[in-house]
Structure formats: C-alpha cells, structure tokens
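Welcome! Please take a moment to look over the sequence and the 3D view before reading on.

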2 protein chains.
Amino acid sequence: MHNNFDINNLDTISVIGVGLLGGSIGLALRAAGFNGTRIGIGRRESSLNKALAYEAVDEITLDVAAGVSRAQLIIICTPIGRFEPILQKMAAALNAGTYITDVASTKVEVVKLCGRILPASVKFVGSHPMAGSEKTGVEFARADLFEHSLCIVTPTTKTPQATTRWMRKFWETIGSYTLTMTPEKHDTLLARVSHLPHAIATALVNMSKKDSAIDLAGPGFADTTRIASGDPQLWMDIFGTNRKAMIKALDQLIAELTRFRGQLDRDDSKAIHDWLAKSKQIRDRWIAKRHKMKVLPP
Amino acid sequence: MHNNFDINNLDTISVIGVGLLGGSIGLALRAAGFNGTRIGIGRRESSLNKALAYEAVDEITLDVAAGVSRAQLIIICTPIGRFEPILQKMAAALNAGTYITDVASTKVEVVKLCGRILPASVKFVGSHPMAGSEKTGVEFARADLFEHSLCIVTPTTKTPQATTRWMRKFWETIGSYTLTMTPEKHDTLLARVSHLPHAIATALVNMSKKDSAIDLAGPGFADTTRIASGDPQLWMDIFGTNRKAMIKALDQLIAELTRFRGQLDRDDSKAIHDWLAKSKQIRDRWIAKRHKMKVLPP
C-alpha cells in the first residue's frame, strides 16, 4: 500500500466506537479534505444514528468484520475493556497492509493485546491522542479537537519505522503534534501527569463530603477536581491497565506529601516557601511554553 | 453607630492593601452605590497610585494610623504575615465602634491576633470572601468579583451577634452569599477543600519535572494544577497559620490514597469503579448546585 500517508490515497477509513474521540476523528478527516468513506462501527444503533446525524461518519454498521473489511485505515476508539472481542472479530476480516491504530490512554497492555490478536500482515502501531474532555458522546465531537494537541505514537522494537512515520502523518494531518516513545515510557510518564492527577481529584472529592466541606469549596476546587467528573468505567480501565506505574507514582506522591507534612510539623516556613516557589516556576514555564505552541484551549 | 449596615450611612471606608481583593472591594463599593470616601492604605506608593488610576479608591496614604482614623469600616486585605505590625499601627488611631474585618484565608490565628491587639471598643469579626484567582494586583480587580461568591464570616463566642449581622450585610451588599461559622470549623473544612488541594497541585507539579513528564501533560493537568501558579508567600502564610488542620487533612488524604493503592495492588476493579463513581456523583451534584446558585464563573 502507500508508504507515505496521503489523505487522497485513501478510499475508506473505519472508526470503531463513535463517541467524542471517534466522532471528532470523523469530523477532522472531512475537514482535512478526506473525500472517501468514513465507516462508523458501534454496538448500539442509536449511537451510530447520532453519529450519522452529526455527519461524523458516512456509513454505519453493527458488524465489526463487515465494517473493517474495506478499510485501509482503522482507528479503534472503544473503551479498553472492549478491545479483546473487537480485535477477535476484526482479525479474520482484515486486508494485508491495513493500517490500524487505537486511542487508548494506556499503551503497554493494549499494544501487547493488539500484537497478540491482530495478524502479522497488518500495520499496527498504538496512539494516544491527548485531546478530549470529561464529556462523552458524539454530540461533543469537534473537527478541531486535535488542533494543537499532542498525540503520542508508541512503536515497539518490532514496529517498522515506516508504519510509525505513516501513522504520525495521519495524526498531523488532522491537527496534532506527534511524539514517539515506547509503550512502557508512555505509561510511566502518563501515570505521573494524567492518571495520578485523576486519582487525586477522586480522593479529594470523596474526602470533601464529610461535614459538607464541599459546600465551602470554590473555583480552585472546581478546577482541581474537574477530571473527577470523568467516566468511571474509562478510568477504571486506565487504572487497571497501568497498575504498576500507578503504584509507583502513588508512592512518589505519598513520599512528597509526607516530606511536606514534616515541614508543616516543624513549622519550616522557608522549606515550604521554596517548595511552593519551585512548583510555581515549573508550572508557569510550562504554561508559557503551551501558549507559545498554542496548545491551550482558547 | 449604626446597628444595621446601610451603605448610605457610611462616609469613609478604608481598605488596607489594595491588590486584587482590596481593589475589587473598592470597585464593588462604588458599584453598590457607596458615595463616601474610599481610602486605600498601602506600603508602596506605586501600588497605591495604580489603585487610584483604576479608580478602586478615592484617596491614598502610606500612613496606616492616618488612613484608618476617619473610617467607619476598615477591611484588612494584606498578606497574613503583615497583620501584626499593621494592627499595632491601627490600634491607637481607631474610633470606638469602628467596624473592622479582614479577608485572610485562615481564621483561627488571625482572629486571635486581632482580638489581642485591637481595642475592645471596636467591632471586629473575621471574614473569608471566597473569591479571587491565582492573579494578583489591582489591575485584575473587578467590581463584580464577589457577585455570587461565598463569604464566610467567623464570629467567636465573644463576638456580638449585631456585629456579625452588620458584617454579613456588608458582604451581601457587594454581592456575596454569606455563611457564619467558628474560626476553628472554618479552618478545618477549608484545609480539606482549599489548602490541601493547593498542596497537592504543588506536589504534582514538582513531581512532573522528572524525565520531563510535564511535556506530556494535557488540559486535565493544567486544570488540576492551576492553583500551583498562586503566590508562594500567600500560600506559605496559609499553610503556616493552619498547620494543625493541614496535617490532619494530609493524613486523611494519604489514608485515602493508600486504600486506593491496595485496590490497585490486588486488581480490585469493582472497588476502584465504585470509588470513581461515588466521586463523580458527589462532584456532579455539587456542580449542578453551583450552577443553580450561579456561583460558577460564566
């Protein structure tokens, strides 16, 4: 097939799971000039009809095998917990050389699963587009969801470089910056900057119920805990498929908080000030960098 | 003096420290119909001139005693660390019956300090208007900063009910909802929903620097850590004046995270799901309530 990704060389792209991410990929493909057929594959007719109504896809089907058999590119956008049966249904129906990726938020287990079930003749590499929100459903899909966002592509030592290059180009075509790293490195770093913050937001909200403390919470609390309004099933899957890195990140956080507790206990205001100032400096620099890259929402 | 707060009965109101909060009080007083004199008191001529230029105050002075001597209401808006010398300068210059409050984010130590230094002839009660942002300076002051925000007024057992009632009416006049509780209860609850979230945001940012993990952080991380861009001095003071409640809140959080760590370790997906779902439910209800009360920023 095509060695270089070119949107004009593709006739058919299938998206499995047409929610916020899958729907946004459909809309972004059209906006980027894709004139072929976008097939939406799903479990519920009502969701698929909604995706059609929002013009996120051109055709819909409940039949995974039928839906992937014509595709030159397949993007799996379902929750991690549903990957295995879907991969099994796909496996026999795939054409050799079909490009396949997914959008799961953890990569080690997902990439292993895909490698085990998908035939060696297809070109699979995992992806993690870091876009979205706590909202779910195709009604929140946007053609510009990936604009100025980061997508991490996660080849293993077995992934041909051409496959990785092709997939990066796909994500760049719909607006993302791309980076590559191993699934292991991805999961370790994301545990610290994404999965751990989610666990903390969850803990803070659960703690805030006692004595109705939450009734005194303000906009700072609303921001800090925004992600705790995310989908419990999705996050159960993320935690469940990244247990090792999560435990390590939790231990690091508990050590950091225990150090701070010691500073409070001995009233070491200088150490507390330095800790706060260091964090402010790191964050302010990061925000400035994001503004420069235009990655912050407007 | 006046038993019921009435903006038309006041000639002179002094604001000590004209930054974001002090400046917003000045602007809000004018917007609420106050036609008397707003005196801005500060340490630096440049900041005071800026407050004048933004029309947040009508007169300015570097002399605390002179600035408070004519006032019928004084609002102390300086960082906690500067309270003691300011209170000492005020003490001799105050008229009997002058209403005094402050806007500090912790109340036990501040209220004790004020009670110790201010003469018994004045009417002091502490306040904590829960408005503002990580921004500082009068250039961010807004007449509507307190609209639909919560202000907690913290009488002790010695505070006359009339003083508390008067001060609530003052905050309500510039747009706040008000609640009353003891300084102790305030500090315990705020540790959980405000001070602890700040410490966590600080810890997360400091942890994110290792291996440049922060370069993979997305909008979720930006929200969770927004408050870590706050003023280190201000937060050092908050932590330092609420050490006991903070240590208790930290211990509760570490226990909550340790429980979650155990669930991860034994791959208890049901317990993890329930934990996430409970948190989502609590937060979604709180957000719905806030929307109903219009307390969320537009």
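Residues are numbered from 1 along each chain as its sequence is written, while chains are lettered from A and ligands numbered from 1 in the order in which they are written. This is a predicted model, where local features need pLDDT of at least 70, side-chain atom pairs count only at pLDDT 80 or more, and totals for chains, interfaces and linings use all residues.

Let us start with chain A. It is divided into domain 1 (7-181) and domain 2 (186-267), with bounds that come from an automatic or database domain assignment. The centres of these two domains of chain A, taken over C-alpha atoms, are 30 Å apart. Where they touch, domain 1 of chain A brings 15 residues and domain 2 of chain A brings 13 (two residues are in contact if their C-beta atoms, placed from the backbone, lie within 7 Å). On the domain 1 side, helix 5 (108-117) of chain A gives the most, with three residues. Helices (H or I, at least four residues) and strands (E, at least two) are DSSP runs, numbered from the N terminus.

Next comes the contact between the chains, which takes 72 residues from chain B and 72 residues from chain A. On the chain B side, the largest share, 16 residues, comes from helix 7 of chain B.

Now to a single residue. B:A56 is found in the loop between helix 2 (45-53) and strand 3 (59-61) of chain B. B:A56 is buried, with 28 other C-beta atoms within 10 Å; a residue counts as buried if 20 or more other C-beta atoms, placed from the backbone, lie within 10 Å of its own. Not counting residues up to four places away in sequence, B:A56 touches several residues, among them B:V18, B:L27 and B:V138.

Finally, helix 6 (residues 161-173) of chain B has 13 residues. Its buried residues are B:W166, B:M167, B:R168, B:F170 and B:W171. They pack against strands of chain B, including strand 4 (73-76) and strand 5 (99-102). Just after helix 6 of chain B, B:G175 takes a positive phi of about 110°.

Notes:
Buried ≥ 20, exposed ≤ 12 C-beta atoms within 10 Å, placed from the backbone. Expected span 1.5 Å × (residues − 1).
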